[in-house]
Amino acid sequence: MNKFKIFSLALVASASVVKAQDIKEAKKAIDAEQFQKAKSLLKSIIKAKPSDGEANFVLGNVYLNQSIIDSAKIYYLNGLEASDRKNLNYIGLAQIDLDSKNTASATANFGLATKDMKRKDVDEYIYIGKAYMNSVNPDYTNAVASLKKALAIEPQNAQALLTIGDAYYGANNQNDAYKAYRDAFTADPTLLRAKMQLGVLLKGAKSYEEAIKAFNEVIALNANYGPVYRELAETYYKWGRNKPSTAKVNLQNAITNYEKYLSLTDYSLDSKMRHADFLILVKDYKNLEVVANKMIAEDKVNPRIYRYLGYAAYENGNVDVAIKSIEDYIKVPTNKVIGRDYLYLGQAKIKKGTNAEGIVDQAAFDAGVADIKKAIELEPLVVEELADFGKALFGKKQFAQAATIFELGAANKDSKNYLDDNVYYGISLYYANANKAAGAPNAEALGKAEAAFDRVLVASPTYDEAYLYKGRINNLLEKDDQIIKNYEEYVTKTTAKGAEELAKPATVKKIVEAYNSIGASYANTDKAKAIEYFNKTLVLDPTNSYASQSVKALK
């Protein structure tokens, strides 16, 4: 009988050790961003022991991290029925409250989580800190406060140090973040994420080469630690963006390291989604279209795939597929639609409605512009991505359509393209009227063009070409006084730049244009002035037939 009791107790102890090991392995998989593996381990623990509150809580966190809120809530509520560490599940419910901006309920749930804590417990404070940070409405101040409680009890707790480092990093407190990460790795040299975060700080400071060295130190410790390759990929990408001369090599390094990162995850649909996000970032649309089509073959349910397919199809010139895919995504009421969705949809409709020969399907163009305006309502700075699109229309001499696109950016002073968009907007409106086959110029449109150049001169007073275009615009409007004023301003500003500028053939051509236009404007009111300006032209260009014929006619 005694032997049986001893044997039974040994089995119980053995089961407890296995459970602890499994939880540890699940947490290790989460840290390695192998979420499918973690979910599988946690579900097996719960199946073997439904009363395991911690396993339910950790699994709920995985689902919450993946924005699968219903599943997260199910496991938190299951965990509350458990007999072992059920209090942790109040923290999960509190994070859901924080996501919904229900801070009163969140505070109440945090209180329930900590109500029966033992004097030396710290996990609750660490998880509460994470909940404050991981919420869609992060609160780094309260996160730090909770984590300081954990560290007051256990100053060398590596997880608490790592997590407070994340809180400081989120609050842009780089110095305290660095110290916390360093102390976390000192406390536990197996905690690779803490060492990796030292490289993340360098990446954030744009010290890309130093960041790469830091990440390679992590790889030297464990070449199979997946997240470090993701960080390397993002570092190479940012380095390439910030230093265009390195772009080709660094973008390829970014893609190579991201593929390595994927090989060390579980190739779940979730990891493939992250891969798709990265392919958008590095603008590898050919691979994105392949990846999106593969994901659709595997999972016809997840609507986000249609967003990826739509983006890729547009960039690869498949506008019909782009329109259908993005419309399929947008039409589902539960999908979160972002500005970029409408941006791509609008651009696809416009591209379909404007061909290289200059033929425009106005209905398709207007529908596309309407979608782009929806994009701007959602994300005003999406106008920054329209510049190349407008320039493509301009290059096809579809000036009226280009003007419509550039007008959107010309109205946003916060856009980095504000100056260029106003220049192109004004020029596009000018050429749309200068190239009209028949009919009078559109005075209202030309007024907008002149206003655009006025904005240009406020933003960049040295942009002398603005005076030239204002003169051309007023030439179309036949406003002699303004023609004379604008062209004289151009000549005065250009002359002030000195002999070197005046010697350039392109500058000479523009000054000749100015003198001839001023001469023509004076011709009906002041013949002597007109002759004076035409003679100025002939000094610069003795063979100029318009000036010489005008002088003869005026004498």
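The legends below describe close-up views of a predicted model.

**View 1. Lining of the second largest pocket.**
The second largest pocket of the predicted model has a volume of about 850 Å³. Its lining is made up of 34 residues. Those nearest the centre of the pocket are Lys283, Tyr285, Arg340, Glu385 and Asp388. Two or more lining residues come from each of helix H13 (227–242), helix H15 (269–281), helix H17 (304–315), helix H19 (339–353) and helix H21 (387–395). By residue class, the lining of this pocket holds 16 nonpolar, three polar and 15 charged residues.

Asn422 is part of helix H23, which covers residues 418–434. With a relative accessible area of 1%, Asn422 falls under the 20% limit and therefore counts as buried. Leaving aside residues up to four places away in sequence, Asn422 touches Ala410, Ala452, Arg455 and Val456.

The structure holds 31 salt bridges, and one of them links Lys324 with Asp328. The closest N and O atoms of this pair are 2.8 Å apart. Both residues belong to helix H18 (residues 319–330). Because Lys324 and Asp328 are four residues apart in that helix, about one helical turn separates them. Lys324 has a relative accessibility of 53%, so this residue counts as exposed.

**View 2. Salt bridge between Lys504 and Glu501.**
Lys504 pairs with Glu501 in a salt bridge. Here the closest N and O atoms lie 3.0 Å apart. The relative accessible area of Lys504 is 40%, so Lys504 is partly exposed.

**View 3. Salt bridge between Lys529 and Glu532 in helix H29.**
A salt bridge joins Lys529 to Glu532, with 4.0 Å between the closest N and O atoms. A salt bridge is counted within 4 Å. The two residues are three residues apart in helix H29 (residues 527–540), so they are separated by about one helical turn. Lys529 is partly exposed, at 30% relative accessibility. Glu532 is also partly exposed, at 33% relative accessibility.

**View 4. Glu33 and its salt-bridge network.**
Glu33 is found in the loop between helix H1 (2–31) and helix H2 (35–48). A network of salt bridges links Glu33 with Asp31, Arg193, Lys203, Arg230, Glu231 and Glu234. Glu33 counts as buried because its relative accessibility is 9%, under the 20% limit. Although Glu33 is not a glycine, its phi is positive, at about 60 degrees. Most residues other than glycine have a negative phi.

**View 5. Glu478 in the loop between helix H25 and helix H26.**
Glu478 sits in the loop that lies between helix H25 (465–477) and helix H26 (480–495). Its phi is positive, about 60 degrees, although Glu478 is not a glycine. With a relative accessibility of 66%, Glu478 is over the 50% limit and therefore counts as exposed.

Note on methods:
Residues are numbered from 1 along each chain as its sequence is written. This is a predicted model: local features need pLDDT of at least 70, side-chain atom pairs count only at pLDDT 80 or more; totals for chains, interfaces and linings use all residues. Side-chain values use heavy atoms; hydrogens and water are left out. On a 1 Å grid over the protein atoms alone, a cavity is a set of points where a 1.4 Å probe fits but cannot get out, and a pocket is an open set with protein on both sides within 12 Å along at least five of seven lines; lining residues have an atom within 4 Å of a point. Grid points are joined across faces, edges and corners, and a volume is the space filled by probe spheres set on the points. Ala, Val, Leu, Ile, Met, Phe, Trp, Tyr, Cys and Pro count as nonpolar, Asp, Glu, Lys and Arg as charged, and the others, Gly among them, as polar. Buried means under 20% relative accessible area, exposed over 50%, partly exposed in between (1.4 Å probe, protein chains only). Contact means heavy atoms within 4.5 Å. A salt bridge is a side-chain nitrogen of Lys or Arg within 4 Å of a carboxyl oxygen of Asp or Glu.
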